[in-house]
Amino acid sequence: MTSRALPQSKEALLKSYRTRLKDDVKSMLENFEEIIKVAKGEHDTQLSRLTQCEQDTYEMHVRSANIVRAGESLMKLVSDIKQYLILNDFPSVNEAITQNSKLFRTKQAECDQKLMSLRDDMAADLYDLEEEYYQSINK
Amino acid sequence: MSFSSVNISVEAPIENQIQEISYDGIEIYQPPLTLSESLAKYAQKIDFSKTTDVDLKKEEAVEEAKSDSDSKDAFQSSLWPWDSVRNKLRNAHQEICVLADVLTVAKDKRYMVLDPVQREPLETKPMVQIYARKKALAGAANVLLAGAEKLKTSQNEVARNRTTPDFHIELLRLRQNWRLKKVSNMIIGDLSYRTAGSKFMQTGTFEVTKAEEDEKIGSPPSSPLPGGGQPTKPSSALKVTIPSELQGVAYIEVLCQKDTEDLCSANINLLGSGAPSSNPDMHWQQKLEAAQNVLFCKELFNQLAKEAVQLQAPIPHMVVGNQIVATILPGIQIIIALRHSTSGDKKPEKPTPSKGEHDHVLEHSLHQLLREVHHKNTHHPFPHPATGPLGPSKKRMMAGPMAADRYELLDMTKQETLLEQIIKQSQHCLMRMRTGYVLDTLAKECRDPLISSHWNTLNSPTQSCVKINISTHGYDAVCRTPLVIHVGEKSLKCICRDGKVMNLSYEPQEFRDLIFNHITQHQILAVQALAKTMGWQSLANSNHLGSGPVDPLGNATSCLLASPTGDRIIAVRCEAQYGGMQVSVAHSPRSDFFPSRLVTERKWEHLGGQFRDVRLDRMEGRNFLHKMELLMASLTSNS
């Protein structure tokens with residue numbers, strides 16, 4: 001229901017997040033499986049053994065590096081999703097705005113009230129002071 | 001190039017290689033290679049690179065020849081600047097393709113089976129293979145562990161630095177207070193007042209980036225002196241980049257100037273008195289607020305400048321640079337200036353403190369006016385039809401059903417501009433100051449009737465009210481003259497004791513004269529009221545006495561009082577200029593009578609005798625009324 005309301009680009013973005021997640025996990029798994037397979041060494045080859053060993057070493061390195069890369073990519077994905085959520089979570093933003101505005105409104109009312117009472121006090125005092133001042137000799 | 005050097009052929013030794021020497025000294029030779037074996041061996045030794053190189057050279061030559069022959073094509077291709085690069089890339093690509101093919105062919109048995117060349121049998125033991133695999137696995141594990149360690153440390157870093165909030169938490173806080181959106185890879189924010197109804201053209205976009213780690217680490221050493229005291233306060237994980245035109249500090253200065261001297265000045269600075277330094281490690285909230293303030297000031301000044309140019313004033317407003325000069329009253333100008341200092345470290349020279357009085361009312365109202373405009377832009381009066389245009393006021397919408405005529409409609413289109421409003425407010429401010437000044441100086445000058453003024457608490461930016469009471473000390477109950485003054489924008493409205501309304505212009509002298517006039521009236525009325533309580537009779541009184549020396553400020557006021565028995569008459573004349581009190585006394589009949597040729601009988605003395613001046617300054621009494629009371633009392637008792 002909610003995803004239906006999303007625009008095309010947002011939909012695509014979410015989809016890309018999903019595919020990224022799947023790709024990364026898949027890549028981790030596949031690379032691991034491959035490493036295991038290589039470690040078994042059951043493949044028949046026409047290369048010389050030394051070359052084969054060298055190739056296996058290299059392949060294992062690359063695959064393990066791939067796993068690490070996939071892990072970091074997952075971290076990046078997490079941070080991207082966080083960012084996306086923060087930037088597009090309008091209900092929570094609205095809530096924050098309402099809360100803020102409520103806070104400021106109460107503050108405003110408070111200030112107004114204080115100012116009003118201050119003004120009334122000052123006006124009363126000012127009247128007395130003016131009275132006193134203009135009656136006195138030391139003007 | 002080693003290819004160009006001379007080729008040396010080395011023939012194979014005639015003897016075969018020794019394979020084994022048995023304990024008894026018999027050497028066992030390797031069996032000689034068969035023909036096919038030796039062919040394979042030699043074929044293996046062929047350096048294919050050499051031939052390909054030659055081929056390439058040949059091809060190049062062919063191509064050159066071709067390009068020479070087909071000059072047009074070559075001309076076109078050589079025109080293209082990246083041609084050589086493209087060619088090289090293409091060659092490289094081809095070679096890579098070939099290499100890949102060769103590798104595939106070599107590796108897979110599908111295409112070709114490589115016949116292992118009979119070589120020195122280097123049989124590797126299975127253990128070696130296992131060791132190699134173990135080593136490879138260890139290498140792979142190391143890579144994995146290193147990656148995991150990196151992730152772990154980065155997580156720990158975050159957990160350890162709890163004092164520095166996480167980037168995402170900071171971003172969330174920022175999002176709660178500011179508008180943000182994501183554009184491709186950047187996070188762009190908006191600090192303009194556009195959502196609040198501003199229509200200012202300048203955009204207030206800023207960019208949010210993650211603060212660089214190395215920058216965070218690198219900044220403390222760069223500023224060791226201030227940083228030494230506060231290493232515990234790390235900078236935020238967020239970095240906000242603000243366009244250069246919004247950096248710094250801005251405020252709007254309002255000055256009311258009389259020719260060259262300042263009457264009052266106001267500084268509008270939304271951030272209050274605090275001079276926010278625009279140093280780079282300021283918290284983003286303050287940074288953004290400062291930028292927003294700059295934007296607001298710019299918009300305000302822009303609006304004012306536009307209006308100043310458009311308005312048709314009798315004395316045209318001047319807009320020079322960042323300054324607007326408008327005349328509010330003859331000889332008095334208002335100067336509105338935009339002050340914007342882009343670099344916070346060099347403080348703008350502020351000579352304003354010497355000018356003293358800051359009028360915060362003007363500061364506030366300028367602020368308020370633009371906010372009101374913003375508010376009006378977003379808040380349209382309800383109800384309005386869903387299909388109708390936004391903008392027309394409620395009054396205008398009612399114009400149709402209420403059948404408004406042309407003048408009413410024209411009236412609705414008139415809108416007061418910000419500049420007009422601020423000019424009116426400053427005019428009013430000035431008028432209020434002048435009125436207050438006149439009242440205070442008069443109260444100081446004039447001791448006898450007391451002038452007390454009470455300013456009304458409730459007033460608007462363009463109207464205020466002052467209540468003046470003229471009374472004599474000790475005789476408040478006998479007579480007091482109240483006076484109400486409405487201070488407007490360019491005029492004063494005085495409501496006198498008798499309900500008369502007088503409109504005065506902005507000249508303070510007029511107001512002064514009016515007060516003097518009321519002082520004289522008060523004195524005369526007070527004397528009469530006093531006389532009434534003393535049992536004296538008021539014979540006549542005139543507020544505008546035509547006789548006597550001409551007064552510079554209007555006419556003198558006077559009255560005549562008769563004693564209860566009617567044999568004494570007191571004449572009081574009060575001139576508008578203070579101190580012009582003249583009191584004369586006449587006795588009728590005089591106590592002694594000597595018939596003369598003109599006045600033969602005593603009865604004629606009842607007509608009244610000569611007036612003799614009373615020297616008031618020699619009399620006892622605190623003030624004029626007191627003296628009059630004493631005088632009347634003495635005259636009554638004498639009879």
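Predicted model: local features only at pLDDT ≥ 70, side-chain atom pairs only at ≥ 80, totals over all residues.

User: Why is B:Cys297 called buried?

Analyst: The relative accessible area of B:Cys297 is 1%, and buried means under 20%, so B:Cys297 is classed as buried. B:Cys297 lies in helix α9 (residues 284–310) of chain B, where it touches B:Ala250, B:Tyr251, B:Ile252 and B:Leu338, with residues up to four places away in sequence not counted. B:Cys297 and B:Leu370 are 73 residues apart in sequence, and their C-alpha atoms are 9.9 Å apart in space.

User: How do you know whether B:Ser365 is buried or exposed?

Analyst: B:Ser365 has a relative accessible area of 4%, and because buried means under 20%, B:Ser365 counts as buried. Its place is in helix α10 (residues 360–378) of chain B. Not counting residues up to four places away in sequence, B:Ser365 touches B:Ile422 and B:Gln425; for B:Ser365 and B:Ile422, a sequence separation of 57 residues goes with a C-alpha to C-alpha distance of 7.5 Å.

User: Where is B:Ser563, and why does it get the label buried?

Analyst: B:Ser563 is found in the loop between β18 (556–562) and β19 (568–574) of chain B. Its relative accessibility is 2%, and since the label buried requires a value under 20%, B:Ser563 counts as buried. Leaving aside neighbours within four places in sequence, B:Ser563 is in contact with B:Trp536 and B:Arg568.

User: What makes the pair A:Arg20 and A:Asp80 a salt bridge?

Analyst: The N to O distance between the side chains of A:Arg20 and A:Asp80 is 3.3 Å, and a salt bridge needs a side-chain nitrogen of Lys or Arg within 4 Å of a carboxyl oxygen of Asp or Glu, so the pair qualifies. This pair links distant parts of the chain, with A:Arg20 in helix α2 (residues 8–40) and A:Asp80 in helix α3 (residues 49–88) of chain A, 60 residues apart. A:Asp80 is buried, with a relative accessible area of 11%, whereas A:Arg20, at 27% relative accessibility, counts as partly exposed, because that label covers values between under 20% and over 50%.

User: How do you know that B:Asp190 and B:Arg179 form a salt bridge?

Analyst: The closest N and O atoms of B:Asp190 and B:Arg179 are 2.8 Å apart, and the cut-off is within 4 Å, so this pair forms a salt bridge. The pair links distant parts of the chain: B:Asp190 is in strand β4 (residues 186–190) and B:Arg179 in strand β3 (residues 179–183) of chain B, eleven residues apart. B:Arg179 is partly exposed, with a relative accessible area of 42%.

User: Why are B:Glu575 and B:Arg573 both called buried?

Analyst: B:Glu575 has a relative accessible area of 18% and B:Arg573 has a relative accessibility of 9%; because buried means under 20%, both labels follow. These two residues form a salt bridge, with the closest N and O atoms 3.2 Å apart. Elsewhere, salt bridges that share partners join A:Glu34, A:Lys37, A:Glu59 and A:Arg63 into one network. Over all chains, a search of the whole structure finds 13 salt bridges.

User: What makes A:Glu132 exposed, and which residues form the negative patch?

Analyst: The relative accessible area of A:Glu132 is 55%, and exposed means over 50%, so the label applies to A:Glu132. A:Glu132 lies in helix α4 (residues 90–135) of chain A, and the negative surface patch is formed by A:Asp121, A:Asp125, A:Asp128, A:Glu131 and A:Glu132.

Key: Residues numbered from 1 in each chain as written. Chains lettered and ligands numbered in written order. Heavy atoms only, no water. Patch = residues over 30% accessible without salt bridge, like charges linked within 9 Å, V, L, I, M, F, W, Y side chains within 5 Å. Areas by Shrake-Rupley, 256 points an atom, 1.4 Å probe, with all protein chains shown as cover. Lys, Arg positive; Asp, Glu negative; His and termini not counted. Charge placed at Lys NZ, Arg CZ, Asp CG, Glu CD. Helix = DSSP H or I, 4+ residues; strand = E, 2+ residues; numbered from the N terminus. Buried < 20%, exposed > 50% of the residue type's maximum accessible area, 1.4 Å probe, protein only. Contact = heavy atoms within 4.5 Å.
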